Amino acid sequence: MFPINSLIVFAVCGLVAAQDVPASPCPDAFHYSTRPNGEVFGRITLPYDDTTALHLGVNASMKGYHTDNRRVKLTVKMVTPGADIIQHRTSILNYDLEFPFQNVVPKITQIQYNGRTYCTGPPEQLVAGTPGVTSLWAGHNYYFQPTGNSVAPATTGVEHPQPPTVEANLQAVEPNQRIPELPVSKAAANQNVECGVSRNVIVPLILGGTEVADGMFPWLAAMFAASGNGYQYKCTGNLVSRKHVITAARCVSFFKIQLVSTEDVLFVFGKSKLKNWATSGAVTRGAAAISTNPDFDANSGHGDISVITLDRPVDFSRSIAPICLWEGDSDVDTIVSKTGTVAGWGADEAAQKSGHYSVSVAKSLDIPVVSTTSCLYSNFTYYQLTSDSTFCAGKRDGTGTCIGDSGAGFMMLKNQKFYLRGVMSLVLSDAGKCDLANFMVFCDVAKVLDWVKKSMAN
């Protein structure tokens with residue numbers, strides 16, 4: 001993940017006239033308020049549904065065309081005390097929404113909470129001769145996990161056909177050496193484990209990428225490839241059954257040529273921190289077979305998906321469990337503006353400056369899906385990088401996926417379970433670094449689901 005070091009928000013001073021404040025499209029869920037100093041902000045009020053994972057997404061439309069996504073943005077702050085939520089002392093959730101400017105107040109176009117839409121409204125109209133219209137997005141996440149009688153809270157182009165060999169600061173082992181693993185009880189191995197459910201205390205998902213705790217995304221798999229006398233980090237994978245991992249095709253192949261030998265692949269499960277993984281009790285598996293989508297085009301995100309069969313099944317535990325395969329509508333339009341989570345070991349800003357292409361601790365980030373039209377119009381390069389089997393996502397604010405995140409899953413929460421909707425494929429480059437002022441391209445798992453299931457069955 002690639003974070004920004006700082007965030008600068010500028011505002012035009014002065015009071016906002018009442019007529020400049022748009023009408024709320026949903027007074028029961030949202031209203032504009034004014035502080036004593038004349039500053040206008042938004043207040044979101046929603047019913048609390050007694051869940052332990054609170055996911056809020058807000059879309060707005062603002063007059064004027066702004067391309068500086070680092071500074072022109074919405075900011076969400078949860079006002080309801082976390083203790084009241086955890087101890088069920090409230091039935092209402094309150095959030096404050098801060099605007100980038102005070103001379104132009106955005107119109108709310110959508111508010112979603114835990115997958116349910118509570119508010120919709122029309123965007124600003126694009127009028128000929130005016131500067132244009134800018135769409136804004138903001139998200140907020142809050143998690144807590146009961147532990148005994150207490151709870152633990154936490155708030156919240158140039159493609160690279162062959163990912164470079166990464167010199168990560170990780171402990172090397174002999175390619176054929178058996179790595180010690182933590183013992184797992186038969187009860188744990190044979191339990192009926194639900195897909196897409198996290199079983200450990202959750203830590204925050206914050207703008208820019210936050211370090212992932214073990215078990216936060218228990219399907220997260222680090223893919224290594226044998227190199228010399230050891231292994232080097234290659235890509236991120238997603239466990240979808242006891243025997244199968246899904247990753248990007250470009251992690252192992254170039255068009256129809258397999259570049260990484262099946263016997264050279266090694267997966268590390270159950271650990272978000274990969275430093276000294278060989279002696280940390282990590283669960284490891286080799287590969288028995290690699291199946292790459294026959295339509296894979298290395299020059300785009302089309303068909304950029306491989307199913308890798310493990311040499312031995314893994315036993316599920318609190319820190320190892322599968323993500324659910326996508327279910328439901330495969331139409332991209334149904335997920336536009338909705339939020340997904342991406343997690344992986346891709347390079348952040350510091351890693352790129354030091355010449356590395358990965359980090360030793362996985363990071364996660366929430367990003368929205370954007371329409372195909374928005375993606376194509378934002379940069380003509382996307383006409384070559386996208387297809388009817390891809391989608392674009394991102395906030396274009398300096399945060400997002402980078403080299404080393406190839407294969408990372410685009411995870412969407414439905415009914416308190418995470419589903420695998422996409423696989424990270426491409427990010428544009430700028431002067432040799434990931435250009436996160438542009439969108440990211442994902443292979444759409446929903447469009448190749450039949451092939452995935454067939455590959456797993458074989």
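1. S337 is located in the loop that connects strand 19 (324–325) with strand 20 (339–346); strands here are DSSP runs of E with at least two residues, numbered from the N terminus. The phi of S337 is positive, about 80°, although S337 is not a glycine. Most residues other than glycine have a negative phi. With a relative accessible area of 23%, S337 is partly exposed (buried means under 20%, exposed over 50%, partly exposed in between, with a 1.4 Å probe and protein chains only).

2. The model is predicted: local features need pLDDT of at least 70, side-chain atom pairs count only at pLDDT 80 or more, and totals for chains, interfaces and linings use all residues. Residues are numbered from 1 along each chain as its sequence is written, and side-chain values use heavy atoms, with hydrogens and water left out.

3. N415 also has a positive phi, near 55°, and is not a glycine. This residue belongs to the loop between strand 23 (409–414) and strand 24 (417–427). N415 counts as exposed, at 74% relative accessibility.

4. An open sheet is built from 4 strands in the order 1-2-5-4, with antiparallel pairing (two strands pair if DSSP finds at least two bridges between them). Strand 1 (30–34) and strand 4 are the edge strands; each has a single partner strand, so one side of each lacks a neighbour in the sheet. On average, neighbouring strands of this sheet are turned by 30° against each other, direction ignored; the axes are lines fitted to C-alpha atoms.

5. Within this sheet, strand 2 (residues 40–47) and strand 5 (residues 92–98) are antiparallel and share 6 bridges, while strand 4 (residues 75–78) is joined to strand 5 by 4 bridges. Y95 of strand 5 is the bridge partner of I44 and also stands opposite M78. K77 has D96 in strand 5 as its bridge partner.

6. The whole structure contains 10 salt bridges (a side-chain nitrogen of Lys or Arg within 4 Å of a carboxyl oxygen of Asp or Glu). One of them joins R35 and E98, with the closest N and O atoms 2.7 Å apart. R35 lies in the loop between strand 1 and strand 2 and E98 in strand 5, so this pair ties together parts 63 residues apart in sequence.

7. A further salt bridge is formed by the side chains of D444 and R421 (2.8 Å, N to O). D444 lies in strand 27 (residues 440–444) and R421 in strand 24, so the pair connects parts 23 residues apart in sequence. D444 is buried, at 0% relative accessible area, and R421 is likewise buried at 0%.

Terms used:
Axes are lines fitted to C-alpha atoms, for helices over the stretch in contact, and angles run from 0 to 180 degrees between N-to-C directions.
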